[in-house]
Structures are given as C-alpha cells and as structure tokens.
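I opened a new notebook page for this chain. I wanted its layout, its surface and its pocket on record.

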Amino acid sequence: MFDISFMELLVISMVALIVIGPERLPTVARTVGNLYGRCRNFVYSVRTDIHNEMRMEELKKMQSSVQETVQSIEDSVQQGVDQLKTTVTDVKTEDNSPVNLSASQLHEESGQPASSSDESPHSSLDNERK
C-alpha cells in the first residue's frame, strides 16, 4: 500500500521507542494496529459498496435495454396480429359478398385458360399431340 522501505520502518520504530517509551510502546502498537485494521476494513467496505453500485447501474441499464427490446418485439407482434385480423376480416367479407363471376373470369383470375364444356379433359392433350 505505502512505498516504505525496511530502513524507513526501522527509523520510525526507533523514534517511536524514544518518544513513547518502552512501557507504553506495546499498547500504542496494538492501538495503531487496531486502527490500521479498522481503516483497511472501512476502505474495503467503501470499495465494495462502490463496486456494487456500479454493477447495479449496469444492471439497470441492461434491464432498460431489455425492456425496450421486449416492447419493440411486442409492438411488431401486435402489428402482425392486427394485419392478420384485417386480412381475415377482409377474406370473410369477400366470402359473404355475392360473387357474380362467370367461369371464364374465374379461370382468368386463376391463370388457367377457360375450357369449353363440350371438350373432354383429354382433348387438349390430343390437340397438343397433333
């Protein structure tokens, strides 16, 4: 954590021994160690809280993007359902309306040539062979 060499620690401990005295040095060392442990725990706790908050923000962004995607999919599905309903109602109204189409018009719409009623189905094949 700190960039302190062994020699610097030795000088600090010698000054502390002279200033504090040998009787009170063990209690001061315990107190300093205790405070150092509390400080480390506090820093770890703050770091963990910040990390958790950052993850929560990322999750909230991800949730909002997923919700937007779900909404767009729902909208497109709803449009498809509406188009299908419209198509079904159009087909139903066409089926219910009276149709006065002749047989030749039906064949023209289907793309097949109209055949006369007196010809047999095999007569067209006979004509093609000739």
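My entries follow, going from the whole chain to single residues.

**Entry 1: the model and the fold.** I noted that this is a predicted model. I counted the secondary structure next. The chain has four helices and zero strands. I read the elements from the N terminus and wrote down α-α-α-α. Helix α1 spans 6–20, and helix α2 spans 25–96.

**Entry 2: burial and surface.** How many of the residues count as buried? I found 2% of the 130 residues in that class.

**Entry 3: a nonpolar patch.** I searched the surface for nonpolar side chains that group together. I recorded a patch made of F6, M7, L10, M14 and L17. Together these five residues have about 530 Å² of accessible area.

M14 sits in helix α1. Is M14 buried, exposed or partly exposed? Its relative accessible area is 47%. Buried would need under 20% and exposed over 50%, so M14 is classed as partly exposed.

**Entry 4: the largest pocket.** I turned to the pockets and took the largest. I logged about 320 Å³ of space in this pocket. Eleven residues line the largest pocket. Which of them are closest to its centre? I listed L9, I12, S13, A16 and V32.

I asked next where the lining comes from. Helices α1 and α2 each supply at least two residues of the lining. The largest share belongs to α1, with five residues.

I also sorted the lining of the largest pocket by class. Ten residues are nonpolar and one is polar.

**Entry 5: A29 and S13.** A29 lies in helix α2. Its relative accessibility is 47%, between the 20% and 50% limits, so A29 counts as partly exposed.

I then checked the spacing between A29 and S13. The two are 16 residues apart along the chain. Their C-alpha atoms are separated by 10.0 Å. S13 was already on my page, as one of the residues closest to the centre of the largest pocket.

Definitions and conventions. Residues numbered from 1 in each chain as written. Predicted model: local features only at pLDDT ≥ 70, side-chain atom pairs only at ≥ 80, totals over all residues. Heavy atoms only, no water. 1 Å grid on protein atoms, 1.4 Å probe; cavity = no way out; pocket = protein on both sides within 12 Å on 5 of 7 lines; lining within 4 Å. Points joined across faces, edges and corners; volume = space filled by probe spheres on them. Nonpolar A, V, L, I, M, F, W, Y, C, P; charged D, E, K, R; others polar. Patch = residues over 30% accessible without salt bridge, like charges linked within 9 Å, V, L, I, M, F, W, Y side chains within 5 Å. Areas by Shrake-Rupley, 256 points an atom, 1.4 Å probe, with all protein chains shown as cover. Salt bridge = Lys/Arg side-chain N within 4 Å of Asp/Glu carboxyl O. Buried < 20%, exposed > 50% of the residue type's maximum accessible area, 1.4 Å probe, protein only.
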